Amino acid sequence: MAGVYRFTFGPWNIHSGADPFGPTVREEYTFAEKLTYYKKLGFDGVQFHDDDAVPNMNDLSPQQIQDEAKTMKKLLDDHGLKAEFVAPRLWEDPRTIDGGYTSNDPDCRRFAIERSKRCIDIMNALEIDLVVLWLAREGTYIREAKDSKQAVAQLVEAINAMLAYDPKTRIAIEPKPNEPMDQAYIPTTGHAIGLAYMTDDPSRVGVNIESAHAVLAGLDPSDEMGYALAHGKLWTVHLNDQNGLKFDEDKTFGSADLRRAFNQVRILDKYDYGKNGEWVGLDVKAMRTQKRDGSTKHLANSRTMFLKLLDLVRSLDDKKVEQLIQDRDYEELDLLILNHLLGQ
Ligand code: XUL
Ligand code: MN
């Protein structure tokens, strides 16, 4: 049982409410304003996209990028915050329209790898060793557009280039089955871990499991976590919730399915998540209907839900659970869990 959990989120989790069908509805907080919320909301760590840390990085030299990232490190120090990871944002640039590492255009693939190296530079300036790879556009809208076998080789080549660039970088792949693509090449934890074993240094390639992404793949997030834990590859998580198969909702943790959330906390706690320095990351969005001054509640609420569920996990009568498993009385076990979630 890990003692104390440390929580992180990314600056994109405080946002102005734009969606694909409508513009922003709340005035955007500046990055500096967002930083002041972390401690207030109970968070000690910051997750970054590379250009969250160094805006307009494509216009800067590698040296300028490192200098700006060092300034960001000082800013974090001033707020008593730590960085957790940096993720290359490979899905907004015109050169990544057809994918980054799996683009059909070799120049675009080269751009994606170069950008990933700059991301590692930023990671180093922030004095951490973890890159998260959400492979946003590595997939297709139509099957015939790319070669799925070749795509795997291209992904391995890109990851190998990152591993070779810096011998201490660890890479956590964040699988997601769809959105923005119709079909992603690395849709599940199993795919990500399979890819890890194909690289030059599997010990430095793991996963970031997002609850909603697992649900979108029709899978149970806690079982995905168990699979990654069995491989020693659960290096971070993006806890949130998802109401069935629709767009990626990034709902408050536990808000769609309390029992599913309970089981995620349960497996994390059972296997001492955090003992190697892993953070509890929350990748949640405020509802578009939320007014500006209440638009950080989803973060505090998600953290609160984690901690309340942790109390429930730790107060579950494990002996009773074990006895019911021995008796193969899963109906009674089902009721025990439901009653426990109801506080009875
Ligand atoms: C996208 C998603 C991203 C990654 C970071 O669905 O979850 O925010 O977590 O790039
Ligand atoms: Mn995520």
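Visitor: Which residues does S295 touch, not counting residues up to four places away in sequence?

Guide: S295 touches R26, Y29, A286 and Q290 on that count, where contact means heavy atoms within 4.5 Å. This is a predicted model, in which local features need pLDDT of at least 70, side-chain atom pairs count only at pLDDT 80 or more, and totals for chains, interfaces and linings use all residues. Residues are numbered from 1 along each chain as its sequence is written, chains are lettered from A and ligands numbered from 1 in the order in which they are written, and side-chain values use heavy atoms, with hydrogens and water left out.

Visitor: Why does S295 count as buried?

Guide: Buried means under 20% relative accessible area, exposed over 50%, and partly exposed in between (1.4 Å probe, protein chains only). S295 has a relative accessibility of 1%, and therefore counts as buried. Its place is the loop between β10 (280–282) and α10 (297–315); helices (H or I, at least four residues) and strands (E, at least two) are DSSP runs, numbered from the N terminus.

Visitor: What makes I337 buried?

Guide: The relative accessible area of I337 is 9%, so I337 is buried. This residue belongs to helix α12 (residues 330–341). Leaving aside neighbours within four places in sequence, I337 is in contact with R259, F262 and L316.

Visitor: Why is N56 called exposed?

Guide: N56 has a relative accessible area of 57%, and is therefore exposed. N56 lies in the loop between α2 (50–53) and α3 (62–78). Its phi is near 55°, a positive value in a residue other than glycine.

Visitor: Why is D272 described as partly exposed?

Guide: With a relative accessible area of 24%, D272 falls in the intermediate class, so it is partly exposed. D272 is found in the loop between α9 (258–270) and β10. Phi of D272 is also positive, near 60°, in a residue other than glycine.

Visitor: What is the distance between a polar side-chain atom of H49 and an oxygen atom of ligand 1?

Guide: The distance is 2.8 Å. For K176, a polar side-chain atom lies 3.0 Å from an oxygen atom of ligand 1. In the case of D283, an N or O atom of the side chain is 2.9 Å from an oxygen atom of the ligand.

Visitor: What is the peptide bond between E179 and P180?

Guide: E179 and P180 are joined by a cis peptide bond, with omega about 10°. P180 is placed in the loop between β6 (170–174) and β7 (183–184).

Key: Polar contact = N/O pair within 3.5 Å; in protein donor to acceptor, adjacent residues only side chain to side chain.
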